[in-house]
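Dear colleague,

Please find below the structure that I am handing over to you, followed by an account of what was found in it. I would be grateful if you could read the two side by side.

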Amino acid sequence: MPEEVSHLGRLLVIGGVLLAGVGVAVLLAGKVPFLGRLPGDIVYHKGGTTLYFPLVTCLLLSLILSLLLSLFRR
């Protein structure tokens with residue numbers, strides 16, 4: 001049983017660090033001037049409604065994260 005508790009504690013610490021990292025990334029994302037305003041991001045205005053879908057930004061972030069994860073796995 002103590003071994004299982006130690007494993008659970010380690011998992012909770014890693015999860016907390018990852019969650020904190022995501023929080024910092026969200027806070028800093030607003031400071032990057034081009035993020036969310038790339039050519040190909042879809043913005044639709046009609047009346048008082050705005051539909052926003054950052055298609056190219058999502059693809060770019062996915063590519064960057066995939067490259068970083070592939071480097072860390074080696």
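A residue is called buried here if its relative accessible area is under 20%, exposed if that area is over 50%, and partly exposed in between. Please bear in mind throughout that this is a predicted model.

By that cut-off, T57 counts as buried, because its relative accessibility is 5%. T57 belongs to helix α2, which covers residues 55-73. Setting aside neighbours within four places in sequence, T57 is in contact with L35, G36, R37, L38 and D41.

One of these partners, L38, deserves a description of its own. L38 is located in the loop between α1 and β1. Its relative accessible area is 18%, and L38 is therefore buried under the same cut-off of 20%. When residues up to four places away in sequence are not counted, L38 touches V56, T57 and L60. Between L38 and L60 there are 9.8 Å from C-alpha to C-alpha, and the two residues are 22 residues apart along the chain.

The loop between α1 (2-29) and β1 also holds F34. With a relative accessibility of 43%, F34 counts as partly exposed, because this value falls between 20% and 50%. F34 is part of a nonpolar patch on the surface, together with L60, L63, I64, L65, L67, L68, L71 and F72. The accessible area of this patch is about 910 Å² in total.

The strands may be described next. Strand β1 (residues 42-46) and strand β2 (residues 49-53) run antiparallel and are joined by 5 bridges. They form a hairpin with 2 residues between them. At the turn, G47 has a positive phi of about 65 degrees, and K46 stands opposite T49 in β2.

Finally, some remarks on the chain as a whole. It contains 2 helices and 2 strands, in the order α-β-β-α along the sequence. The radius of gyration is 18 Å, well over the 11 Å that the globule rule gives for 74 residues, so the chain is more spread out than a compact globule. Along the principal axes, the C-alpha atoms fill a box of roughly 60 × 35 × 20 Å. Of the 74 residues in the chain, 5% are buried. The chain exposes about 6,700 Å², of which carbon and sulfur atoms supply 75%.

With kind regards

Methods: Residues numbered from 1 in each chain as written. Predicted model: local features only at pLDDT ≥ 70, side-chain atom pairs only at ≥ 80, totals over all residues. Heavy atoms only, no water. Pairing = 2+ DSSP bridges. Helix = DSSP H or I, 4+ residues; strand = E, 2+ residues; numbered from the N terminus. Buried < 20%, exposed > 50% of the residue type's maximum accessible area, 1.4 Å probe, protein only. Contact = heavy atoms within 4.5 Å. Patch = residues over 30% accessible without salt bridge, like charges linked within 9 Å, V, L, I, M, F, W, Y side chains within 5 Å. Areas by Shrake-Rupley, 256 points an atom, 1.4 Å probe, with all protein chains shown as cover. Salt bridge = Lys/Arg side-chain N within 4 Å of Asp/Glu carboxyl O. Rg over C-alpha atoms; globule rule 2.2 N^0.38 Å.
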